[in-house]
Amino acid sequence: MFHENSEKPGVRALARLAFGELFALCQLNVVFLLTCLPVVTIGPAWTALTRATLNMVRQRSSHPVREYWQALRENFRGGLGLGLLLGGAAAAAGAACLVYARLAPGQPLFWLLLVVAAALATEVLLVSTYA
């Protein structure tokens, strides 16, 4: 077994850093979920979470939750517009998938349309991740 004296100091520092970041990410996740409760605020919350986590990765912020709230206030309008646009596109693509799935069993053309609609829905989700 390992003895406490045989453990390298770098491992202990790495574990402390990893668990500290993990705790900060858990805090951000809870704050994000709370700010997403009114569904309309998903866009601004998403942009704020993106900014806070990017600043964590780039080691520009020592207070990610404070950074999240600041980003939410600063980017609320832009995030709201982006969220409504991407949410509408995702809803339209999802509705198209449902319609084409019901029509597809007897028609090969509707299978093709279903695949296209599913690809568009996936693309919207990917764009919303990187927007």
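What is the mean pLDDT of the protein chain, and what percentage of its residues reach 70 or more? This is a predicted model; the mean pLDDT is 82, and 87% of the residues of the protein chain reach 70 or more. Among the elements, helix α3 (residues 64-74) has the highest mean pLDDT, 92. The lowest, 80, belongs to helix α5 (residues 108-130).

The largest pocket holds about 290 Å³ of space. Two or more lining residues come from each of α2 (42-57), α4 (76-103) and α5. The lining consists of 15 residues, and α4 supplies the largest share of them, six residues. Nearest the centre of the pocket lie Ile42, Gly43, Gly83, Leu86 and Gly87. By class, 10 of the lining residues are nonpolar and five are polar, while none is charged.

The nonpolar core is the other feature to follow. In soluble globular proteins, nonpolar side chains tend to be buried together. Here the largest nonpolar core has 13 residues. Those that touch the most other members are Leu28, Phe32, Ala45, Ala48, Leu49 and Tyr68. The elements giving two or more residues to this core are α1 (9-35), α2 and α3, and α2 gives the most, with five residues.

Ala48 shows some of this packing at the level of one residue. Apart from its neighbours within four places in sequence, Ala48 is in contact with Tyr68, Ala71 and Leu72.

Note on methods: Residues are numbered from 1 along each chain as its sequence is written. Side-chain values use heavy atoms; hydrogens and water are left out. pLDDT is the predictor's confidence in each residue, from 0 to 100. Helices (H or I, at least four residues) and strands (E, at least two) are DSSP runs, numbered from the N terminus. On a 1 Å grid over the protein atoms alone, a cavity is a set of points where a 1.4 Å probe fits but cannot get out, and a pocket is an open set with protein on both sides within 12 Å along at least five of seven lines; lining residues have an atom within 4 Å of a point. Grid points are joined across faces, edges and corners, and a volume is the space filled by probe spheres set on the points. Ala, Val, Leu, Ile, Met, Phe, Trp, Tyr, Cys and Pro count as nonpolar, Asp, Glu, Lys and Arg as charged, and the others, Gly among them, as polar. A nonpolar core is a set of buried Ala, Val, Leu, Ile, Met, Phe, Trp, Tyr and Cys residues joined through side-chain atoms within 4.5 Å. Buried means under 20% relative accessible area, exposed over 50%, partly exposed in between (1.4 Å probe, protein chains only). Contact means heavy atoms within 4.5 Å.
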